[in-house]
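Colleague: Could you walk me through how to read some features of a model such as this one?

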2 protein chains.
Amino acid sequence: MSQIALTRFIGEWLPPIEAEMRSLLDNNEEAVGALYGMLRYHMGWANTRFDAELAPAGKRLRPIFCLLACAEVGGTVETAVPAAAALELLHNFSLIHDDIEDGDEQRRHRATLWKVWGVPQAINAGDSLFAIAFAAMQRLHDRGLSAEATLAALRVFTQMCIALTEGQHLDMGFEERDDVTVPEYLRMIQGKTGALVGASVAIGAIVGGVEAEQSEALWRYGQAVGLAFQVQDDVLGIWGDPAQTGKAAGNDVLRRKKSLPMLYALNHAATGARLAALLAAADFGPARLDDALALLDEAGARTYAEAQVQRLHDNAMAALQEALGARAAHSPLRTLAESLLNRTR
Amino acid sequence: MSQIALTRFIGEWLPPIEAEMRSLLDNNEEAVGALYGMLRYHMGWANTRFDAELAPAGKRLRPIFCLLACAEVGGTVETAVPAAAALELLHNFSLIHDDIEDGDEQRRHRATLWKVWGVPQAINAGDSLFAIAFAAMQRLHDRGLSAEATLAALRVFTQMCIALTEGQHLDMGFEERDDVTVPEYLRMIQGKTGALVGASVAIGAIVGGVEAEQSEALWRYGQAVGLAFQVQDDVLGIWGDPAQTGKAAGNDVLRRKKSLPMLYALNHAATGARLAALLAAADFGPARLDDALALLDEAGARTYAEAQVQRLHDNAMAALQEALGARAAHSPLRTLAESLLNRTR
């Protein structure tokens with residue numbers, strides 16, 4: 001599939017995914033109107049007074065992976081739309097809670113849910129979206145998918161939810177440690193990013209008619225794509241073009257974020273102690289960014305991270321080949337993975 | 001079923017429920033050991049260093065309702081154990097998040113999870129338990145329940161989760177309002193307590209072989225028992241014997257808790273304004289408890305609340321009769337409801 005055909009596929013299927021998500025957050029009971037209003041606000045469909053608006057939304061990457069996988073194994077894409085909606089809602093549930101846990105006040109240039117309505121209501125609104133995502137998955141059976149296949153998809157979905165909380169647990173723990181290793185980091189993003197993309201692809205394949213066991217190679221493909229995506233994000237977070245990423249140059253260095261390049265340099269015999277001292281210095285800020293970037297260079301952190309992205313991408317392609325054989329070369333799943341790898345923002 | 005037979009049933013089935021829950025929280029991966037340790041701490045199985053201990057746990061009421069309903073419709077109780085575990089884990093997830101939302105520092109005489117490990121980790125631990133409860137439900141199919149019936153039970157479970165978050169949303173909103181009405185209060189506890197007991201009974205019946213549609217009367221029975229239980233709790237929270245409840249006399253009045261008797265007196269033409277003024281007074285405390293209790297008496301708040309308990313109990317018995325016919329009179333579900341109604345703590 002060409003990039004153009006992929007873009008057409010995305011353009012065709014985004015509206016039904018949005019419609020499915022909206023129908024799941026439709027609730028006319030006045031007593032609980034504010035709860036659903038908060039969720040619509042988070043999704044970008046309403047302002048803080050719950051009037052309709054259309055704010056910039058996420059990329060809806062996970063639903064697209066799901067529908068592409070369904071199409072790729074010969075399934076009816078329409079059937080998978082509730083699963084696509086469930087994956088995006090679940091992703092958004094995790095964003096609501098992550099924003100509270102990280103104390104982030106802004107998301108997509110708007111105040112976060114907890115910032116507007118307070119932490120208690122935001123925790124509960126996230127829980128609500130979590131439950132609604134499961135309700136979305138159960139719609140698969142209403143749309144004609146067998147009970148067996150629906151349960152198989154639900155099982156992958158549930159294990160993904162558990163993996164997500166494990167990843168988030170590790171991520172929060174890292175904030176308080178200065179001895180995090182590269183393998184620990186990879187285990188963390190396996191939960192936070194790998195699991196969700198892996199499950200999106202596996203669920204799409206199961207809905208498309210593949211037995212749960214046979215979806216395993218596609219799951220590994222998605223997992224590796226998710227990891228590559230995250231490490232690429234780490235590279236862009238330091239060396240991305242501010243004009244493209246919309247973030248300050250060296251943003252993640254200034255935030256002392258324990259991303260892969262940073263951990264690599266912190267664990268490097270030649271640069272570790274000096275970088276740690278620099279980041280810990282009371283006067284560390286934009287004026288000393290170049291010193292930090294020089295240490296990352298000395299460690300070869302960018303080269304290392306980019307090699308990791310390539311390795312993960314190669315793993316993804318090998319798994320895709322395993323799943324699809326010769327068709328892998330022309331698969332839209334390959335096109336999508338390449339376009340994520342080559343992105344600049 | 002007599003009270004003795006009921007006690008025997010509970011004694012027989014609590015250990016398998018506990019074993020099922022423990023197996024769901026078993027995770028040997030060292031990296032995420034602390035996450036599962038926090039959950040075992042919350043369940044009363046470990047101390048804060050994650051060493052095994054056995055702290056007082058909850059009554060496990062919801063699992064017992066589930067297993068009794070399964071037995072009552074002629075099902076194999078063993079099959080329903082994963083559902084019973086799921087209901088108790090889900091209840092505990094909601095306690096973890098409620099404790100954060102309400103700022104409660106103690107539960108069952110121990111520090112709450114957030115108090116020990118902080119709010120971010122506690123939010124995430126709750127999310128983890130939420131997901132694990134869904135994994136528990138999916139075990140029903142592994143134990144031989146058909147995929148169709150497992151999905152039907154999951155559907156009731158999911159709708160209950162959504163109802164719970166609606167109830168919690170209302171409950172938190174009430175804290176900030178001084179014009180909450182009795183119908184609004186009943187709508188709130190329908191979500192917070194009614195939905196969970198209703199679902200426990202309905203899921204037990206579905207696992208026991210009843211079609212989802214036919215479980216409706218049993219669901220209404222559970223819902224009414226849950227509501228009666230909550231209103232009875234409200235009565236005990238004000239007029240319960242401190243020696244029995246373990247709480248101070250007039251505890252809920254001193255906490256200004258918007259329970260049913262309080263709302264009734266606050267909405268009463270003769271007492272509302274005076275009670276509101278008293279509760280709002282800067283010097284309101286134990287010394288003025290008798291004044292508040294006198295106003296509750298004047299409004300007839302206790303008589304009203306006790307009549308509501310009786311009405312809800314009658315509704316429960318009518319629904320049970322509808323579901324079971326003549327067998328209702330000797331059903332353990334009747335025995336359990338009566339014992340909850342007549343409790344003093």
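Colleague: How many residues of chain A are in contact with chain B?

Modeller: Bear in mind that the model is predicted. In this model, 36 residues of chain A are in contact with 36 residues of chain B. On the side of chain A that touches chain B, α4 (77-102), α6 (119-142), α7 (147-175) and α8 each supply at least two residues, and α7(A) gives the most, with 15 residues. By class, the residues of that side divide into 18 nonpolar, eleven polar and seven charged.

Colleague: Within chain A, at what angle do the axes of helix α3 and helix α8 cross?

Modeller: The axes of α3 (residues 61-72) and α8 (residues 182-207) of chain A come within 7 Å and cross at roughly 35°, and the crossing is right-handed. Among the residues that make the contact are A:F65, A:L68 and A:A69 of α3(A), together with A:V197, A:V201 and A:A205 of α8(A). The residues of this contact divide into twelve nonpolar, two polar and one charged.

Colleague: Where is A:R108 placed, and is A:R108 buried or exposed?

Modeller: A:R108 sits in the loop between β1 (106-107) and β2 (110-111) of chain A, and its phi is near 50°, a positive value in a residue other than glycine. Because 12 or fewer neighbours is the cut-off for exposed, A:R108, with 12 other C-beta atoms within 10 Å, is exposed.

Colleague: What is the phi of A:R256?

Modeller: Phi of A:R256 is near 55°, again a positive value in a residue other than glycine, and A:R256 lies in the loop between α11 (251-254) and α12 (260-266) of chain A. With 13 other C-beta atoms within 10 Å, A:R256 is partly exposed.

How values were computed. Residues are numbered from 1 along each chain as its sequence is written. Chains are lettered from A and ligands numbered from 1 in the order in which they are written. This is a predicted model: local features need pLDDT of at least 70, side-chain atom pairs count only at pLDDT 80 or more; totals for chains, interfaces and linings use all residues. Axes are lines fitted to C-alpha atoms, for helices over the stretch in contact, and angles run from 0 to 180 degrees between N-to-C directions. Helices (H or I, at least four residues) and strands (E, at least two) are DSSP runs, numbered from the N terminus. A crossing is left-handed if the near helix is turned anticlockwise from the far one by less than a right angle, and right-handed if clockwise. Two residues are in contact if their C-beta atoms, placed from the backbone, lie within 7 Å. Ala, Val, Leu, Ile, Met, Phe, Trp, Tyr, Cys and Pro count as nonpolar, Asp, Glu, Lys and Arg as charged, and the others, Gly among them, as polar. A residue is buried if 20 or more other C-beta atoms lie within 10 Å of its own, exposed if 12 or fewer, and partly exposed in between; C-beta atoms are placed from the backbone.
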